[in-house]
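This report covers a selection of charged side chains and their contacts. The sequence and structure come first.

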Amino acid sequence: MNNFTYFQPKTLQEAGEMFGKSWHETTALAGGTDLLGLMKDDIEAPRNVVNLKSLPGLNRISYQPGKGLKIGALTSIAKIASHSDINKRYPVLAQAAKQVASPQLRNVGTIGGNICQRPRCWYFRGDFHCLRKGGDICYAVDGKNKYHCVIGGGPCFIVHPSDMAVALLALDAKLTVYSGGKNKTVAIGDFFVLPEKNVRRENILLPGEIVVDIRIQELNNNTKSGYVKFAERGVWDFAVVSVAAVIQKNGNALKKGRVVLGGVAPAPWFEKKISKKLSGLIPSEKNLDEIMKTALVDAEPLAMNEYKLPLAKNLMKRLIGELTA
Amino acid sequence: MKTIKIQLLVNNNEYEVSVSPNETLLDILRERLGLTGTKRGCEIGECGACTVVMNGEAVNSCLILAPQADGSKIMTVEGLMRNGEYHPLQQSFLNHDAVHCGFCTPGMLMSAYVLLQQKQNPTETGIKQAIAGNLCRCTGYQQIVEAIGDVGKKGETD
């Protein structure tokens with residue numbers, strides 16, 4: 001790990017002003033569970049590290065009936081996983097949190113850091129000067145691409161590694177982002193960027209911008225939500241494919257819903273067609289099979305990852321079926 | 001680069017250490033304080049060999065920057081002994097032959113210690129979840145789970 005100057009800002013303004021124009025020069029540290037790995041592998045070698053954990057008051061969860069949930073960006077994943085209101089009112093979020101990494105990492109990793117983590121592509125993490133690191137080639141195109149994206153890719157084919165981001169997009173969360181002296185609201189759907197827009201970054205944050213908190217609206221009592229993650233190992237593994245769903249029922253039929261996929265795209269992937277078709281649907285096995293024919297129709301799998309398509313469809317069907325049974 | 005003075009309470013002993021920003025808590029424990037019970041394994045938070053208790057929670061000390069640990073209360077495997085006697089968890093690991101090569105043992109003990117602080121008499125599933133971030137490459141998990149379960153049943157959690 002390269003050496004660097006360590007900063008401990010006391011206010012957001014102070015923190016924001018510590019950043020220069022480039023992420024390479026100065027980077028933000030929250031829990032550090034991703035950043036330290038990147039720095040040990042020399043993927044990132046900043047000259048300055050700004051410890052956001054020195055900012056007071058950003059690690060709180062507050063739930064107000066009727067108003068919804070607010071989670072400070074520095075709240076640990078473990079705290080979210082065990083929070084009683086989140087387990088009761090937003091199971092999708094608690095279930096995602098419980099499946100992040102390992103107990104030790106959940107104790108330290110923060111929700112802000114989790115949604116800002118860098119991809120796990122083995123070319124990006126390895127000794128390859130790939131597109132995302134400023135090179136000319138995405139090595140996954142002709143290389144080993146079993147775990148890469150099947151939709152939304154090009155010219156780089158990473159998948160976004162975050163479990164929490166998938167759940168937050170299904171919940172249509174809003175982020176408060178500190179930017180140049182004031183706070184702005186960013187819908188989570190506008191936070192992540194695809195490689196075609198910016199091949200070097202996974203989200204819209206500019207140096208000096210800081211995620212402050214995450215807000216989630218109140219869900220009504222007819223709403224069910226859940227998260228299912230398929231990974232090759234039960235612990236310390238990233239989703240091969242994951243699904244988050246938030247579905248509102250109306251008698252035997254469904255009123256509306258949001259279905260989001262993880263592990264299929266360079267950003268958490270809102271399944272627009274499936275989500276739309278949930279409105280008015282009677283969730284029988286036959287009907288679910290029928291709508292799944294329209295899922296991921298624009299996918300363009302690489303040589304080794306076509307298996308993600310039936311996997312994603314089966315996981316969506318299973319989760320929607322369980323939530324609406 | 002400027003060094004930073006940090007204060008740590010490790011196994012109830014106070015330390016003031018001058019650290020370089022890019023040192024980890026693991027570096028400090030092993031190389032400055034001589035507490036080599038905590039093991040250096042994968043260095044990326046996957047194996048759990050470096051697990052210590054920090055402010056009551058199990059953490060991977062390889063992924064904590066030393067300056068971020070400033071002011072915290074740390075317990076390492078060396079802090080388990082009581083007046084020269086093995087901690088009940090250590091004794092139980094011996095009784096159950098739960099130590100094979102021994103490399104994962106300090107980390108396992110730390111995860112088990114936190115579990116028993118938080119939950120009396122945990123279930124087998126609860127034990128497996130608590131040590132899910134600790135790899136035993138000798139694959140001696142069954143004895144480890146039984147050793148922890150035994151201590152839980154007897155209620156010897158301190």
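A:Glu285 is exposed, with a relative accessible area of 56%; exposed means over 50% relative accessible area, buried under 20%, and partly exposed in between, with a 1.4 Å probe and protein chains only. This is a predicted model, in which local features need pLDDT of at least 70, side-chain atom pairs count only at pLDDT 80 or more, and totals for chains, interfaces and linings use all residues. Residues are numbered from 1 along each chain as its sequence is written, chains are lettered from A and ligands numbered from 1 in the order in which they are written, and side-chain values use heavy atoms, with hydrogens and water left out.

The side chain of A:Glu285 forms a salt bridge with that of A:Lys317, at 2.9 Å from N to O. A salt bridge here is a side-chain nitrogen of Lys or Arg within 4 Å of a carboxyl oxygen of Asp or Glu. A:Glu285 belongs to helix α11 (residues 285-292) of chain A and A:Lys317 to helix α12 (residues 308-324) of chain A, so the pair ties together parts 32 residues apart in sequence. Helices are DSSP runs of H or I with at least four residues, strands are runs of E with at least two, and both are numbered from the N terminus. A:Lys317 counts as buried at 19% relative accessibility.

| Pair | N to O distance |
|---|---|
| A:Glu285 and A:Lys317 | 2.9 Å |
| A:Asp34 and A:Arg120 | 3.1 Å |
| B:Arg40 and B:Glu31 | 2.7 Å |

A:Asp34 and A:Arg120 meet in a salt bridge. This pair links distant parts of the chain, 86 residues apart: A:Asp34 is in the loop between β2 (26-29) and α2 (35-40) of chain A, and A:Arg120 in the loop between α7 (111-115) and α8 (122-125) of chain A. A:Asp34 is buried at 13% relative accessible area, while A:Arg120 is partly exposed at 30%.

In chain B, B:Arg40 is partly exposed at 25% relative accessibility and B:Glu31 is exposed at 55%. Both belong to a network of salt bridges that also includes A:Lys40, B:Asp27 and B:Glu43.

A:Lys229 is found in strand β9 (residues 223-230) of chain A and is buried, with a relative accessible area of 15%. A polar atom of the A:Lys229 side chain lies 2.8 Å from the backbone oxygen of A:Gln99, and the side chain also reaches the backbone oxygen of A:Asp237 at 3.0 Å.

Key:
A polar contact is a pair of N or O atoms within 3.5 Å; within protein, one must be able to donate a hydrogen and the other to accept it, and residues adjacent in sequence count only if both atoms are side-chain atoms.
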